[in-house]
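Here are some questions about the terms used for this model. Each reply sets a value against its cut-off.

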Amino acid sequence: MAGFFKQIDQFLIWQSGGEKLYIQPWGKDGIRVQATQADGLKALPGALLQPAKVSSNAAIEIHNPAGGTTSLHVERGEIGATLTNGKIRAEVTVDGLLRFTRADSGQLLVEEAPSFFPRPPARQWDVRDGDLFTLKVRFAAQTGERFYGLGQHQHGFLDQKGCVIELMQRNTEVCIPFLVSSRGYGLLWNNPGIGKVELAHNGTTWEALATRQMDYFVTTGDSYAEILEHYADATGHPTPLPEWALGFWQCKLRYVTQEELLSVAREYKQRGLPLSIIVIDFYHWTRQGDWMFDPQCWSDPAAMVKELRELGVEVMVSVWPTVSLNSIHYDEMAQQGLLIRTEHGVQATNISSDIQPAGKVPVVFYDATNPEARRYIWEKVRQSYYNIGIRVYWLDADEPEIKPVTHENLRYHLGNGLEVGCIYPLLHQQGFYEGLKSAGETDIIALSRSGWAGSQRYGMAIWSGDIRSTFASLNIQVRAGLNIAMSGIPWWTTDIGGFFGGEPANPDFRELLVRWFQYGAFCPLFRLHGYRLPAKMSAGYGTGADNEVWSYGDEAYAILRHFMFIREKLRPYLAAQGKVAEQKGTPPMRPLFFDFNDPEVQPIDDQFMLGPDLLVAPVLEKGAQSRAVYLPTGANWIDAWNGDILAGGQSIRAVAPLARIPVYWRQSSPWFFRFDA
């Protein structure tokens, strides 16, 4: 249906019937698009920050049928309108269809799918309940287009064209609704609700199951780096990474007592091994939602933290967002409306194990979308952990991990779960970041199992969740890590060796652990964790077998030790990449096509760059003693193990015995050192 245009300030507005479409310049080379069936736009939760400035050439033009342009209100009869902001232009037809192009060349970036009988409209609003709609927005397919980003997923693809991606937070599945296209644009679906995106060969469809309005942001740039910089400008730049976080992190499921934890840290130091962070995992507490150490197992945590800091080791403690109905805080939090409520039935969002009483208990998640609840949680964390010197937190289970997965039955401070459910981890992270900032901290990093668009601005690192201990899983993590990097998250890691199913005495698992450890040494963060077998029981819950680097036999230990010291030598280089991430939003770990305009690198998804100078080709197959490696054009390369110089633009067969992972430096790199030295 034909509509009419008007301009109000920097908004280009198209209206037809009950739908209003609002288009405005947003930051440098970006455009924000919103639409509603209501009288006007509402201030709804999202990822976008207010932009500092738009591009200098931002302009709106409304085109008359007789030619010429005007910036005044024009009734029906015009042929369309455009909004230009730097390198991007939005074109709107009289029928309200949107098309985004490069302003300098006219090159098509992305366009809404044309709708004509009997096809559905490009923007389809189906009434759901009250002022909530199920919304679908359809974009036309473009031949050869590739899609990256969209968070972290376990489907095993780097290019996600042809995939259906669930917009929902789950353990191992991190929803960040920002995609980067090989056609030179990035698109943020600025909607915190549950839905999906279909990246089909016959078109792309974004769907929100329950929303009040449409909201997305499109940007372009001359490179992938520039697109990610615009995204960081729009959603927040990564915070500075503490230098000490670049070292080795030791973790297992779980250290039960203070003395056990200290004995492990002391052993690392006695062996002369580098150790930056040691982790106190779950069930160190009295009850879920008490947020305090169990004094029977942790008699003097302040003294423990003091000793570890004297050893140069930070303590990270796991903090869950769950509250047991037995918690000392449950009644107060329930009365003050600080917990997620249920629309129907008992107020419990999971059944979990606990320590006191031992066994299964119903738990409720606190409501991170409520600012008062965030302040309440931080105050408890401050009293129990921060005041004794702990400043690094592991935000586990913060999807939130509800069971059963019935988002429509959750009532948050911000609305129904279907409408706002994906934003929970972002706001949970915000509470910890703001708490640490208010306490005067400047070196802030937390480890989270989930995230959303903008998590990078709250000092968040993300890990890939509770994954399997298999070569197939290792293979998947390489692609998952590259896509989360393309989603604006620079600091990422995995459970080295996988979480489920590894037995240290098993030779096959030892091989996997070594290969995973080698890969982990070149990830942005370097962290050993897992639930090792055979399981042990202590204090009512499993602890897992030993998971220190000396737990895997002498051969494996010698290799792991060597890679720990390679990582130590890499720390200045990684710190420099951290500065670039902070300033530009450039992820340290990224696909080869990020740095090289070489068509041969486009399909490569099992190699990556760590910064601009280091090419890494992890060994991902059991029993492999070599692997194929492609060296991109645009550089000559130095084998990090033997110093051989190799020309770019060629495929080689790299030797890869168990003690070696193929790694190559740019010949021009000032950071070069040999790994066999």
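**Helices and cores**

Helix 8 is mostly covered, with 12 of its 15 residues buried. The model is predicted.

Q: Which residues of helix 8 are buried?
A: They are Phe-471, Ser-473, Leu-474, Gln-477, Val-478, Arg-479, Ala-480, Gly-481, Leu-482, Asn-483, Ile-484 and Ala-485. Buried means under 20% relative accessible area.

Q: How do you know what span is expected of helix 8?
A: The expected span is 1.5 Å times one less than the number of residues. Helix 8 runs over residues 471-485 and has 15 residues, for which 21 Å is expected. From first C-alpha to last, helix 8 reaches 22 Å, close to that value.

Q: Why is helix 2 called roughly parallel to helix 3?
A: Helix 2 (residues 258-270) and helix 3 (residues 301-310) pack at about 5°. Angles under 35 degrees count as roughly parallel, so helix 2 is roughly parallel to helix 3. Their axes lie 11 Å apart.

Q: What makes up the contact of helix 2 with helix 3, by class?
A: The contact has 6 nonpolar, 1 polar and 2 charged residues. From helix 2 come Gln-258, Leu-261, Leu-262, Ala-265 and Arg-266. They meet Pro-301, Met-304, Glu-307 and Leu-308 in helix 3.

Q: Which residues touch the most other members of the largest nonpolar core?
A: Ile-23, Phe-100, Tyr-216, Tyr-393, Phe-522 and Val-549 do, in a core of 206 residues. Helix 10 (residues 554-584) gives the most to this core, 10 residues. A second, separate core has 7 residues, including Trp-285 and Trp-320.

Definitions and conventions: Residues numbered from 1 in each chain as written. Predicted model: local features only at pLDDT ≥ 70, side-chain atom pairs only at ≥ 80, totals over all residues. Heavy atoms only, no water. Core = buried A, V, L, I, M, F, W, Y, C linked by side-chain atoms within 4.5 Å. Buried < 20%, exposed > 50% of the residue type's maximum accessible area, 1.4 Å probe, protein only. Helix = DSSP H or I, 4+ residues; strand = E, 2+ residues; numbered from the N terminus. Axes fitted to C-alpha atoms, helices over the stretch in contact; angles between N-to-C directions. Parallel < 35°, antiparallel > 145°, perpendicular 65-115°, else oblique. Contact = heavy atoms within 4.5 Å. Nonpolar A, V, L, I, M, F, W, Y, C, P; charged D, E, K, R; others polar.
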